[in-house]
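User: I would like to learn how to read the features of this structure, one at a time. Could you walk me through them?

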Amino acid sequence: MKPGHGEVLIAEGDVELAPDEQRLIEEFHRQLDAGSWAAVPVTGPQGRRDSLMVRAFGDIPRDADRVIFFPRAAGGR
Amino acid sequence: MLLALAATALVALALLSEELLPKLEEAWSRHRARRRRTPEISYDPGRERRAEQRARALLRSCVNDEEWGMYRDLGFIRVWGSRAEGPDNTGGTGGAPYAYLIYPHRAIVAYLAQTHRLLNEYCVAFPDDTRPYGSPRLPDSDDVLAKWMALTGDEHRLISTANMHLPGRQLDPVRVKRDLWRLSQWERARIRNAAGRAASEQIDAAPGP
């Protein structure tokens, strides 16, 4: 998510392919190092949509189709 | 007399210039550097509208149908709280169910689900300091989605990051109570419509005479 932009595609690939996975891992770390938070939209067994906040690449479910990065929360006024 | 004063002023100015000139030059160069670092980006309503459309599409693809309908029709989303002791450690819920109202770029409001008693306001923002178009503010729907993901994914983390205030600091409690009333009316209408649809489907599916 970006101001003035909305959704921006950062990287895509298949985690089952080693070079793609490596690229996704690097991008994931780059985003987190830049201060973003990461979340994965998930759907529960009863069809209920939810989200999962992830702090490491290994936390991302292997079947996740996207990870959303957004600016880190800060206390507002 | 005047001549003497003017001469004194000139001498004082000459002496002070030794001290003042470097400071003035430094301030001027700082001012120019600041202007160079932050190029002026004009507000473009078309760009902002396109960003908001993309943000709405993303929000819709992530939240539940009911929540999307709530946001589209009422302008906010309700998220149920999941902590047994309430939103924070201040107590106050006594284990009663509670929820949050998420508004775009406004505080998150916690309330008791049954009595609609307002608990607290949680002021939180998601500023993008890179300011790609001069502003750190996400589009409205992205702000709502960020709050939704952070609340449903890690309620404690978001609430402990936010600044907590008593109800009424940012949002008028009367308006919030009215929104809760609008939400209950909206839910009733939704249930009625769903029941009506189910009944008509049964009639359509029934074998003819």
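User: In which sense do strand E1 (residues 36-43) of chain A and E2(A) pair, and over how many bridges?

Analyst: Happy to start there. Strands of a sheet pair through backbone hydrogen bonds, either parallel or antiparallel. Here E1(A) and E2(A) pair in the antiparallel sense over six bridges; two strands count as paired if DSSP finds at least two bridges between them. Within this pairing, A:Ala38 stands opposite A:Val54 of E2(A). Strands (E, at least two residues) and helices (H or I, at least four) are DSSP runs numbered from the N terminus.

A word on the source: this is a predicted model, in which local features need pLDDT of at least 70 and side-chain atom pairs count only at pLDDT 80 or more, while totals for chains, interfaces and linings use all residues. Residues are numbered from 1 along each chain as its sequence is written, and chains are lettered from A and ligands numbered from 1 in the order in which they are written.

User: What is the strand order of the open sheet in chain A, and which strands are at its edges?

Analyst: The order is E2-E1-E3, with antiparallel pairing. E2 (49-54) and E3 (68-71) of chain A are the edge strands, each pairing on one side only. From one strand to the next, the twist averages 35 degrees. Along the sequence, chain A reads α-β-β-β-β.

User: Which strand of chain B pairs with E4(A)?

Analyst: That is E4 (residues 118-125) of chain B, joined to E4(A) in the antiparallel sense over two bridges. A:Gly75 has B:Val124 as its bridge partner.

User: At what angle does H4(B) run to E2(A)?

Analyst: H4(B) runs at about 80 degrees to E2(A), lying across E1, E2 and E3 of chain A. Axes are lines fitted to C-alpha atoms, for helices over the stretch in contact, and angles run from 0 to 180 degrees between N-to-C directions.

User: How do helix H2 (residues 45-62) and helix H4 (residues 140-153) of chain B pack?

Analyst: They pack at about 30 degrees, with axes 7 Å apart. H2(B) and H4(B) are therefore roughly parallel to each other (angles under 35 degrees count as roughly parallel, over 145 as roughly antiparallel, 65 to 115 as roughly perpendicular and the rest as oblique). Among the contact residues are B:Leu58 and B:Leu59 of H2(B) and B:Val144 and B:Leu145 of H4(B).

User: Which residues of helix H3 (residues 65-74) of chain B are buried?

Analyst: They are B:Glu67, B:Met70 and B:Tyr71. Buried means that 20 or more other C-beta atoms lie within 10 Å of a residue's own, exposed that 12 or fewer do, and partly exposed lies in between, with C-beta atoms placed from the backbone. The exposed residues B:Asp65 and B:Arg72 sit on the face of H3(B) turned away from its buried side. The cover over the buried residues includes H2, E1, H4 and H6 of chain B.

Notes:
Contact = placed C-beta atoms within 7 Å.
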